[in-house]
Every structure is written in C-alpha cells, then in structure tokens.
Amino acid sequence: MKKLAVTLGLIATGTAAIAIAREPRRTEEVRINQIQVIGTHNSYSQGVDPRLLAMVDAKLGAKLAAFTKAMPEKMKADWQEYHPNFTSMSEGLSYRYTTLTDQLDAGIRSLEIDINNDPMGGRYAHPAGFAALRATGVSDSQMLPYDATDMEKPGLKVFHIADLDVRSSCNLFTRCLKQLRAWSDAHPDHAPIFILVEAKSDAVPVFPNGTPPLAFDRAAFDEMDQSIFREIGRDKLVTPDQVRGTYATLEAGVLAHNWPTLATSRGKFVFLLLTAMDPQALAAYHEGHENLEGRAAFLRATPGQSYAAFLLLDNANVRAREIPERVRQGYLVRARADIETYEAKVNDPVRAKRAFASGAQIVSTDFYKPGNAYGTTYVVRLPGGGEARCNPVNAPKGCRLTR
C-alpha cells in the first residue's frame, strides 16, 4: 500500500505551505523533528540607541575582557562555546527587527522572545539607561523612539537587558502571543512555528539606580504557561504531553521518535523554554512536572534527563559531530548561524553552512535579509528557500522539497 510523502514548498499564491503528494514508492510520514527551519534571535528587538551602547562600552569593555580572562579554564571553555568571538557590547547588539508578523511573512518559522518577571507592573517602566543619557544632555526627542505601551501593566515584559536593551515591538508577552495567533489564523496551513522563550534574570549593573531583574519562580512560569494556553489555544500547540504519549518519560517518547507528524502539526506552535541553565529557574519549571506534564513548553535539557527533548547546541563549529547524532536520536536542536554579529562583520558564512548541514531543526540568525550595520553582503537564508525543508540528517526517504 502506498504511503504519502511530504513535499515542502511555496504554493502558487506565495503563501508558504506544506503540501502532500503521492510517491511511487513506500515512504515514512514526515514528523516535525524531521524538518529544518530558519529562525531569528531576540526577534522582538528594535535595537539600542548607539549613544547608549557607546556609554556601556566605555563602562564595561575592559571589565568584561578582564572577567573573561580570569575565568577558570572549564568555565572559560563553556563561555567561549557560546561566545566564541570577543566583541564589544555595541557589536554584540548590532541588529534590529521590525515586527514578529513581518518576520513570519518573510518565511521565518522560529522566533525568540525574552520574558522578564513583573507581577506588580511598572518595574521596568523607566529604564535607567535613558536617565543616564538625559544626564549627558541628550533629550528624549534625540534618542531612538521608545514605546512604553503596557510597561505599567502587571505581566511578563518582553525585552533583552533591563535598563539597556529595552526597545521591543511588543512589550507585553501576551501582546506578542496575540500577534502570533492572529497571523496563524490568517495563514492556517503554515508549517509549525518554534517559539523560543528565554526567562531573563541576569543583571547588567551599568547605570545608577538600575533595576535588578526579578528571579523566575513557579508562579511566574505558571503565568507564562497560562498565557500561552489562553492566547494561542491548546488546540494550536504541540506540547510535551503529546510527545511523551504513553511512554514512561518525555525523553523515552523522544527517543522513540514519537513527535507528531507534519500533516497534523500545520497551523501549530511549539514553545521551547530557555533559562540559561539557572538551576533554580529550571527547578521552578519542572519540579512537580518531571516529564513536563501539563506544561506548555519543552525545557532546555541535556540528554539523560527525564524531560529531555530540546537541546541548545548553538555552536555548530564545536558540536559538528554531536548535533547530527542527537538529531538522529530524536531530539530537537537549535543552532546559530551567527553569534553576536561576528559573522556578519567579517562576512563569513561558514558557521551558517555548518549549522544547516548539522541537521539542527532550528537555525537562528540575526541577518535573514540583506543589510547590516557593517555594510557586508552577509545574509542567511534557508537552503532551497521556502518556509521549511526536509532535514538533511534525519528526513525519511521520499521527502523532497518543491517550490
């Protein structure tokens, strides 16, 4: 009996979609961990005022270099894997985006949203960096515009670094989610969209009277989950419970390749939670949910943990052998095409090519369209075009890409 093979591509109207075509030979049905998509990093960010970045470079540049140099060797190796090229703060933040929907329209199928705990509201409403700029004589009208909509309201706030990198296209997490749902409803056949959510709690003490971030506790993560369930809808989600199924642990379901099929996942979202491996934040999300039972998001993990399904292996140069192995085993992996803008600066596509070749299902970039602050031609696009492609490492035979 003939089976169906999945063909990925663009339909004639230009809207990205996943079509199904008959093949003359037997094939397996493609699952969502057997595709590859391109994503953006800190997708909400609208950039930092250059004068503010120059101020931070002057205050932190030498201290950061000394801090890195003084690290114990093991810590330094771990640091350098995720920060392989020493750059200034201004270079590391030299990117910006428009709206989340613009990126989805362009074929991006993974977005990254940073959340900050603000249960009472107003905690981050008056960034200390802006006050520091005003103290030098810079007026508000001379700064890059800052939209403070929703910042006084209680709820999870969306920005990168408190007091510094705060210009966001949607300040409130629920507002971001509403935008995602609206776009999805208008494009019901889209490939699954992978949303990385990073819970931010690290302080960057640069400015006088700065605001230290609040830690994430169980209440904050419960708020995150309920916001996702309410604004996106349970019927529009691929959740850990679905992948675990009847297996004893979530990881057992992953290793059994129990991810849902692409055909049943059209129009849906997969949420992936990052906590910078902060033990307290990790525990706050999975304690009492050892396999993420009832949770909305998959949690960054390491193989061997009962809830292991999603791995953050950003450096495909360092993990060139491990990523394909993990992908074949069934894990979902995110890698980066460029890290802290270095590749755009030197116009080097090698990391991007390795990331795509590794089979990491999500390859994130800050430069999905032409034009960057360095004036180079560096740009990252999904090989073959379209919104998704058959994974080069684990896609079943018969999976093919059409445009």
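Q34 sits in the loop that links β2 (16-22) to β3 (35-40). The model is a predicted one. Q34 has a relative accessibility of 11% and therefore counts as buried, since the cut-off for that class is under 20%. A polar atom of the Q34 side chain lies 3.3 Å from the backbone oxygen of N394. N394 is also among the residues that Q34 touches, once residues up to four places away in sequence are set aside.

Strand β8 spans residues 269-274. Six of its six residues are buried, so the strand is largely enclosed by the rest of the structure. F269, F271 and L273 point one way from β8. V270, L272 and L274 point the other way. Residues of both sets are buried.

Three strands pair with β8 in the model. Strand β6 (residues 193-200) pairs with β8 in the parallel sense, over six bridges. Within this pairing, V197 stands opposite L273 of β8. Strand β9 (residues 297-299) also runs parallel to β8, with three bridges. Here L273 stands opposite L299 of β9.

How values were computed:
Residues numbered from 1 in each chain as written. Predicted model: local features only at pLDDT ≥ 70, side-chain atom pairs only at ≥ 80, totals over all residues. Heavy atoms only, no water. Buried < 20%, exposed > 50% of the residue type's maximum accessible area, 1.4 Å probe, protein only. Helix = DSSP H or I, 4+ residues; strand = E, 2+ residues; numbered from the N terminus. Pairing = 2+ DSSP bridges. Polar contact = N/O pair within 3.5 Å; in protein donor to acceptor, adjacent residues only side chain to side chain. Contact = heavy atoms within 4.5 Å.
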